[in-house]
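Here are my notes on the model, as numbered points. Please read them with the coordinates open.

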Amino acid sequence: MLSLKPLNSPASTCPSCHKHNPGFGDFQFLGQHIIGLGNCMHCAVFYYHNWPVGHGEQFPIAFTINGTAEFANQSALWLAHPLINMVKSQLSSSMKINRNVQRNINKGLLINCLDPCFGHIIWKLFTAARYKTLDPESGLVVLIPKQCSWMVPQHVAEIWEVEVPLSKLHVKLDGLHDFISQCPLNSLELVPQPTHPDHQNLPLKDFFKTEGFSLDSFTSRKPQITFIWREDRFWLRTKLEQWMWSFATKYNLNWFKPWFLLRQRHAIKKVVDLVKRTLPDAQFAVAGLGKAGNMKGVQDLRYLEMNTERELEWCALYAKSHFVVGIHGSSMLIPTALSAGFIELLPPYKIPFMTEDILMRHDSRFQLFLGRHLNLFCGPAMVAQHIVDAFQSFAYLKSNTEA
Ligand SMILES: [Zn+2]
């Protein structure tokens with residue numbers, strides 16, 4: 001197993017001569033990445049490479065300061081280029097770190113959850129479920145942004161909370177390497193962190209502290225539909241709107257934003273009106289980051305800032321929701337882990353990633369019936385039709401499936 005203490009560093013391939021090198025004796029714990037650095041034993045060029053942990057296991061990256069770089073095209077935009085730019089430009093951010101000891105241990109197994117993407121943090125944290133039983137001397141150590149530490153399971157021995165915005169987690173965190181190097185544990189190993197493990201048998205309550213919706217109560221509860229709100233990605237209704245949003249983002253034209261927010265509120269209200277024609281006792285809520293505009297007639301649990309209490313309030317809302325409705329990438333992991341079903345609006349460019357922000361896990365036909373991906377441009381009428389039809393058909397599906 002890779003280890004920071006004592007050092008057991010990974011082998012790498014030189015980006016210049018493409019020959020194999022054993023682990024370098026020097027490394028830097030930057031934050032999201034751990035990088036090895038040293039001279040190639042074949043061609044003497046000095047290069048950097050990411051350690052194969054988390055996404056680094058699937059996407060090796062090796063590069064020199066003067067331009068030679070080897071990485072998979074698939075990882076270019078979101079992993080390789082940000083890492084290479086960070087090292088070349090020496091981008092860094094200040095942070096504060098707290099060491100919370102839940103249980104005294106000598107040997108630490110480190111799970112590094114630092115990542116600028118909220119969804120990636122959750123997937124990485126799921127590694128903890130694999131290490132519930134360890135010898136008394138050993139324990140899990142979770143390195144995680146402070147705003148996400150409420151999800152850390154109880155069996156974790158130490159939580160190292162980093163106080164830094166997620167938006168800063170793509171750069172080097174000043175002081176983190178020294179903190180890790182000076183940790184008083186006798187050993188600190190790095191456990192493998194698959195980035196998309198099979199979630200079907202994960203103990204999700206350990207992470208989200210809430211029991212999910214029971215399908216046995218689907219027909220006896222008042223219909224509850226919850227919309228997931230974001231103000232940095234929108235329910236765009238046409239290809240023209242998508243083009244306008246891309247244009248506005250590219251050229252930083254913020255004056256477009258209120259119009260997109262208005263259109264998004266109108267789309268949600270239209271779904272509410274249409275569903276209520278058939279299901280008059282249906283209840284609606286909206287949860288998410290941002291507070292733009294009035295959501296009259298809908299329970300409004302949108303906030304500008306989050307804390308643990310609000311996270312748990314949202315979890316309770318998802319767990320009583322028959323459906324959560326959101327755009328792909330709108331932090332849909334927790335909502336879909338706890339609700340009975342979901343409707344996810346999928347932009348065409350997100351089709352290859354359609355499973356990555358979904359955690360729903362029903363048996364047999366229920367998984368297909370309750371988990372619905374619709375084209376982003378489908379419009380409120382189609383979303384409302386799916387919701388109404390699901391409520392009207394569920395009892396028949398259940399009795400037919402379980403007969
Ligand atoms: Zn070489």
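1. Start at Pro6. Pro6 sits in the loop between β1 (3-5) and β2 (7-8). Helices (H or I, at least four residues) and strands (E, at least two) are DSSP runs, numbered from the N terminus. The peptide bond joining Lys5 and Pro6 is cis, with omega about -5°. Most peptide bonds are trans.

2. A word on the source. This is a predicted model: local features need pLDDT of at least 70, side-chain atom pairs count only at pLDDT 80 or more, and totals for chains, interfaces and linings use all residues. Residues are numbered from 1 along each chain as its sequence is written.

3. Strand β5 (residues 26-29) pairs with strand β6 (residues 34-39) in the antiparallel sense, over 4 bridges. Two strands count as paired if DSSP finds at least two bridges between them. Phe29 has Ile34, in β6, as its bridge partner. The hairpin has 4 residues between its strands, and Gly31 in the turn has a positive phi of about 150°.

4. β6 also pairs onward. It is joined to strand β7 (residues 46-50) by 5 bridges, and the two run antiparallel. Gly36 has His49, in β7, as its bridge partner. β6 and β7 form a hairpin with 6 residues between them. Ala44, in that turn, has a positive phi of about 70°.

5. Two loop residues deserve a look. Most residues other than glycine have a negative phi. Gln90 has a positive phi, near 55°. Gln90 lies in the loop between α2 (76-89) and β10 (92-93). Is Gln90 buried or exposed? Gln90 counts as exposed because it has 8 C-beta neighbours inside 10 Å. The cut-offs: buried means 20 or more other C-beta atoms within 10 Å of the residue's own, exposed means 12 or fewer, and partly exposed is in between, with C-beta atoms placed from the backbone.

6. Lys209 is the other one. Its phi is positive, about 60°, although Lys209 is not a glycine. Lys209 is in the loop between α5 (204-208) and β17 (224-229). With 16 other C-beta atoms within 10 Å, Lys209 is partly exposed.

7. Which residues does Cys113 contact, leaving aside neighbours within four places in sequence? They are Ile121, Lys124, Leu125, Val142, Leu143, Ile144 and Cys148. Contact means C-beta atoms, placed from the backbone, within 7 Å.

Notes: Two residues are in contact if their C-beta atoms, placed from the backbone, lie within 7 Å.
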